[in-house]
Amino acid sequence: MLGTLARYLRILGYDTLYPEESRDAELLFLAYTQGRVLLTRDTRMGTRISPNIFVLKSAVPEEQLKRVVEKFKLKRGENLFTRCLECNTSLVKVVKKEVKGKVPPYVFKSHNKFAKCPKCKKYYWTGTHMKRMKERVKRWEEWMG
Ligand SMILES: [Zn+2]
């Protein structure tokens, strides 16, 4: 239910797991053992008193993000765009010649900076999508200290 929020947090560089189909107990175990906060929309979970659980009421991803930013005092950081949006892995920079034939030709021609997810092998570059995303991030950063 919080997939979009997970992607937003990854854009900001926060280490964000998004386990599919996990049972409550497993999620709580993960949160405790790895020092994570469990974000949920499940109000049943919220009845457990724990600093590791934060229940979000809104169904709107940007509103959820605002609540998380305020609650955990997230700061604007240097880790922007350093994680894979799909799998949370830290991206590694790759030299341009490595991406030849692996990204669309027009992207190869018009970009010089590329990064790769070592886990799911997805390539990233500063494209137009990124430009729109940057505007969005700018708005998010206004909520941050
Ligand atoms: Zn990945």
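Here is a walk through this predicted model, from its confidence to its sheet, its zinc site and its salt bridges.

Residues are numbered from 1 along each chain as its sequence is written, and side-chain values use heavy atoms, leaving out hydrogens and water. Because the model is predicted, local features need pLDDT of at least 70 and side-chain atom pairs count only at pLDDT 80 or more, while totals for chains, interfaces and linings use all residues.

Let's start with confidence. The protein chain has a mean pLDDT (the predictor's confidence in each residue, from 0 to 100) of 90, and 96% of its residues reach 70 or more. Helices (H or I, at least four residues) and strands (E, at least two) are DSSP runs, numbered from the N terminus.

Next comes the sheet. Three strands form an open sheet in the order β3-β4-β5, with antiparallel pairing; two strands pair if DSSP finds at least two bridges between them. Strands β3 (92-94) and β5 (123-125) stand at the edges with a single partner strand each, so one side of each has no neighbour in the sheet. Strand β4 (residues 114-116) is joined to β5 by three bridges, and Ala115 has Tyr124 in β5 as its bridge partner.

Now to the metal. The zinc ion has four protein donors, the SG atoms of Cys84, Cys87, Cys117 and Cys120, at 2.2 to 2.3 Å. Donors are N, O and S atoms within 2.8 Å of the metal (3.2 Å for Na, K and Ca); water is not among the atoms, so sites may look incomplete. Along the chain, the donors follow the spacing C-x2-C-x29-C-x2-C. The arrangement is tetrahedral because the four donor atoms subtend angles of 100 to 126 degrees, and four donors count as tetrahedral if all angles lie between 85 and 135 degrees. Cys117 is buried at 0% relative accessibility, whereas Cys120 is partly exposed at 36%. Buried means under 20% relative accessible area, exposed over 50%, and partly exposed in between (1.4 Å probe, protein chains only).

Finally, the structure holds nine salt bridges, each a side-chain nitrogen of Lys or Arg within 4 Å of a carboxyl oxygen of Asp or Glu. One of them pairs Glu62 with Arg139 at 3.0 Å, N to O. This pair links helix α4 to helix α6 (residues 128-141), 77 residues apart. Glu62 counts as buried at 19%, and Arg139 as partly exposed at 40%.

How values were computed:
Tetrahedral: all angles 85-135°; square planar, octahedral: opposite > 155°, others 65-115°.
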